[in-house]
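Have the coordinates open as you read.

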Amino acid sequence: MSPRIILASGSQSRRAVLSAAGVDAETIKPNVDEDAAKAAFRAETMSVRDQAMKLAEMKSMKVSMRENGLVIGCDQMLSLENEAFDKPVDLDGAREHLRKLSGKTHTLETGIVISENGEPVWRYLARPKLTMRVLSEDFIEDYVEKVGDPLLSTVGAYQLEGLGAQLFTRIEGDYFSILGLPLLPLLDYLRVRKVLPS
């Protein structure tokens, strides 16, 4: 019998990616205090990529300690010149993110960890790089006005699957990782575990 697949996340986009790929996953929010964890990591001057991996592991393990199955934890952080960006708290914050990213290349540190019986059993880090074109103030204002509050759900204040495609001149990395879930290596692991047919 195949183990349960549990997504330790409240992210609708991650669940939608899994569902579209034929992975039937339950969703359980891990209730990790991400702000406190990030503050502690940054006090230790932990790298942005290590912060993302550590948060993915914390989410995965927290749910795995109380639920049977393969528990998928994910986290994504934006790194610009080693500065970590969090999701903007309001639309003014979104505008500021876009101003800082304009004309530069940033990395989306996208960590995924699977835990079983409270222990990590698999992990992967994807590092897509995105180069944003130089954005005018008028463009930023128009873009934020058109997209609105959904920008607050992404670390970079953009949605590549929509109007956000207009922000970029170059993208290196796979689409799923940019959305926050390194799907292809995850599917490989699930085939190894006989959860998916090979």
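Arginine 95 is buried, with a relative accessible area of 14%; buried here means under 20%, exposed means over 50%, and partly exposed is what lies in between (1.4 Å probe, protein chains only). Before going on, a word on the source: this is a predicted model, where local features need pLDDT of at least 70, side-chain atom pairs count only at pLDDT 80 or more, and totals for chains, interfaces and linings use all residues. Residues are numbered from 1 along each chain as its sequence is written, and side-chain values use heavy atoms, with hydrogens and water left out.

What does arginine 95 pair with? Its side chain meets that of aspartate 92 in a salt bridge at 2.8 Å, N to O. By salt bridge we mean a side-chain nitrogen of Lys or Arg within 4 Å of a carboxyl oxygen of Asp or Glu. Because arginine 95 and aspartate 92 sit three residues apart in helix α4, about one helical turn separates them. Aspartate 92, at 53% relative accessibility, counts as exposed.

The structure holds 18 salt bridges. Two others reach across the chain. Lysine 59 and glutamate 34 pair through their side chains, and they link distant parts of the chain: lysine 59 is in helix α3 (residues 48-64), glutamate 34 in helix α2 (residues 34-43), 25 residues apart. Helices (H or I, at least four residues) and strands (E, at least two) are DSSP runs, numbered from the N terminus. Lysine 59 is buried at 7% relative accessible area, while glutamate 34 is partly exposed at 28%.

Arginine 42 and aspartate 86 also form a salt bridge. This pair spans 44 residues, from arginine 42 in helix α2 to aspartate 86 in the loop between β4 (83-85) and α4 (91-101). Arginine 42 is partly exposed at 31%, and aspartate 86 is partly exposed at 27%.

Here are the N to O distances side by side:

| Pair | Distance |
|---|---|
| Lysine 59 and glutamate 34 | 3.4 Å |
| Arginine 42 and aspartate 86 | 2.9 Å |
| Arginine 95 and aspartate 92 | 2.8 Å |

Where is leucine 125 found? It's in strand β6 (residues 119-126), and at 25% relative accessibility it counts as partly exposed. Leaving out residues up to four places away in sequence, leucine 125 touches Arg49, Met53, Glu109, Thr110 and Gly111, where contact means heavy atoms within 4.5 Å.
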